Amino acid sequence: MSEVDFTVEVCGMAGDGTIAAGGLINEAMSLGGFSVLGFDSYPAEIRGFGRCVTKSRIGSTDIVALGEQTHALISLNDEQSRSRAVFLDDHALVFFDSNPPSYVSEEKSLLSTLSNNVEVFGLPFGDLAVASGAARSKNLVALGGFAAVTGIDPSLFRQVILKKFKAKGDRIVDINIKSFDAGYDYALEKFHDRLKNWFAKSGTQYDSDKVMMSGNQAIGMAAIEAGLKLYFGYPITPATPIMEYLAKWLPEKGGRVVQMEDEISSIGAVLGSFYAGERAMTATSGPGFALMTELITHGVMAEIPAVIIDAQRAGPATGLPTKTEQSDLHAAVFGGPGDSARIVIAPTNVEECYYMVLKSFQLAEKYQTPVIVLTDFFLDNRVENLHTPRASDELRACWNVFPDESPGNRYLRYEDTSSGISPRAIPGMQGYNYTATGLEHTESGSPDYSSEIHTKMTEKRHRKIRNALEDLQQPTEFFSSDQLDVGVIGWGSTFGSVLEAVAKSKKNGFRVGALKITSIFPYHSDIIKAFMAKSGFVLIPELNYEGQLANLLERLNSKPVERLNLVTATPIPPSAIQKRIEELLEVGA
């Protein structure tokens with residue numbers, strides 16, 4: 001196999017060590033020089049219930065989306081793994097426990113669901129683990145068998161096992177390495193005539209600058225680099241890991257993490273902190289975001305900066321806490337009372353999570369408004385190996401527009417400037433006191449209910465947001481052409497699937513292109529309109545039922561945009577987008 005594009009799943013019951021095994025595969029393959037995109041799926045219930053699945057796509061070239069067909073399944077629990085059989089490639093490899101701790105009837109066994117072409121490799125996971133010193137390390141035995149059959153250098157796994165368990169002491173490290181080696185040696189001996197050695201032939205090289213990172217880790221790291229002083233939050237999936245990351249690392253930088261009593265108090269504290277001149281942030285998901293909306297509009301009216309991460313999950317209400325969706329876009333852009341324009345941005349991969357969160361603090365300061373960063377369960381929890389992100393001084397710089405402190409200058413906190421941006425004094429600046437209120441107000445901050453003032457200040461606040469476009473990332477076009485039969489617009493975590501689908505359709509000889517949008521509101525209408533104008537069909541795939549971005553952008557097109565809306569609560573597969581592209585081309589032919 002000179003070019004690797006391989007997907008491996010680990011499936012088991014919560015508590016089987018499934019997520020840990022998937023994580024070790026990701027780390028080992030990254031260490032081996034491969035591009036890796038991994039994603040974990042787990043139940044909302046507390047440990048001990050439900051199915052856990054990790055999926056890792058491993059490539060010798062850049063991986064931008066999850067794999068659809070599984071080439072190897074490591075089953076830590078027969079009954080749970082049966083549901084994964086439909087995703088197996090025709091000639092997949094399946095690793096299973098040949099001596100499970102309890103009897104498994106035929107109708108519940110994984111093997112009874114497999115096609116004849118699938119190759120099975122039975123190892124006594126539990127027995128080998130016990131012989132190595134710990135029954136709970138059967139997941140390591142399974143990894144050893146997988147590595148031996150597929151030709152992965154065992155030293156890669158030994159290194160990542162050492163790294164993972166080092167803090168628990170030498171004994172724990174030794175047990176886990178022994179378990180891995182037991183599975184590895186068993187597979188070499190028992191399956192010596194069926195070894196594939198696929199990865200041994202790949203010829204990839206380790207890049208020491210690459211690190212494995214999830215979207216949530218990138219967000220936490222970026223917030224610290226941005227000079228975050230205070231994080232206020234209330235636990236909610238999938239945003240909680242951001243708080244956990246910051247609780248571990250922010251105090252070392254002189255900051256504090258405060259778990260609040262709810263989301264309302266969290267956003268209130270963020271506004272209070274920014275008002276006082278300190279960078280602050282909160283992170284939540286759909287139900288928590290809904291609670292925050294009134295105070296977000298308070299930030300709009302009183303022109304107080306805030307940074308809010310909305311880690312979307314499938315909804316409405318509490319919905320599907322551990323499943324993914326892109327259905328908070330309308331709430332992020334329009335949620336709350338009144339005309340409350342704010343800035344909404346949406347990264348498409350882990351690296352962008354880092355750089356866009358850094359930028360969000362500057363945008364919030366300069367435009368004195370809440371900035372909402374839209375992510376989702378898939379983006380928050382997936383891991384990618386990427387070049388270590390580094391914040392430049394430029395990205396860390398303060399963008400607050402301070403007042404002119406020249407003698408005799410009359411300070412108006414809400415001065416109606418041509419840009420809409422008014423100089424913002426920080427409490428403590430002598431002589432620059434002002435009233436900040438959720439009531440409509442004059443340029444000085446005094447409450448005023450007249451129609452003239454409301455018209456004037458509403459226009460000022462909206463002018464400011466329109467002008468934010470100059471600092472917002474422009475849409476990026478891929479596979480650019482003067483004329484396209486189908487132009488596909490993607491946002492958020494869906495964009496990786498868009499890119500792969502368009503690339504495959506283009507290889508098939510079709511005139512297709514892709515446009516990535518990260519600035520959701522305000523958006524660069526001129527660039528989007530030009531892309532639409534040269535596209536015979538405009539397709540917008542989204543993980544929501546209503547086509548929320550399509551609703552926002554459709555007015556820019558001369559005819560209705562084509563939509564692909566899935567609410568499967570799983571990432572959009574590239575093949576679904578490719579199929580829709582080619583259906584449109586058949587219609588247009």
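**Reading cysteines, a helix and a pocket**

Tutor: Cys11 counts as buried, because its relative accessibility is 0%, and please keep in mind throughout that this is a predicted model.

Student: How many disulfides does the count come to?

Tutor: In general, a disulfide is a covalent bond between the sulfur atoms of two cysteines. Here the count comes to zero disulfides. For Cys11, the closest cysteine sulfur belongs to Cys52 and lies 8.2 Å away, which is too far for a bond, since a disulfide needs the two sulfur atoms within 2.5 Å. Cys398, for its part, is partly exposed, with a relative accessible area of 46%.

Student: Which residues of helix α15 are buried, and what covers them?

Tutor: As a general idea, an α-helix has 3.6 residues a turn, so residues three or four places apart point the same way. Helix α15 runs over residues 451–467, and its 17 residues reach 24 Å from the first C-alpha to the last, close to the 24 Å expected. Its buried residues are Ile453, Met457, Thr458, Lys460, Arg461, Arg463, Lys464 and Ile465, and what covers them includes α10 (286–302), β12 (343–345), α12 (350–367) and β18 (519–521).

Student: Which residues lie nearest the centre of the largest pocket, and which element gives the largest share of its lining?

Tutor: The largest pocket holds about 1500 Å³ of space, and of the 37 residues that line it, Glu27, Lys164, Ser214, Gln217 and Val383 lie nearest its centre. Elements giving two or more residues to this lining include α5 (154–165), β7 (210–214) and α7 (215–225), while the largest share, eight residues, comes from α1.

Terms used:
Residues are numbered from 1 along each chain as its sequence is written. This is a predicted model: local features need pLDDT of at least 70, side-chain atom pairs count only at pLDDT 80 or more; totals for chains, interfaces and linings use all residues. Side-chain values use heavy atoms; hydrogens and water are left out. Helices (H or I, at least four residues) and strands (E, at least two) are DSSP runs, numbered from the N terminus. The expected span of a helix is 1.5 Å times one less than its number of residues. Buried means under 20% relative accessible area, exposed over 50%, partly exposed in between (1.4 Å probe, protein chains only). Contact means heavy atoms within 4.5 Å. On a 1 Å grid over the protein atoms alone, a cavity is a set of points where a 1.4 Å probe fits but cannot get out, and a pocket is an open set with protein on both sides within 12 Å along at least five of seven lines; lining residues have an atom within 4 Å of a point. Grid points are joined across faces, edges and corners, and a volume is the space filled by probe spheres set on the points.
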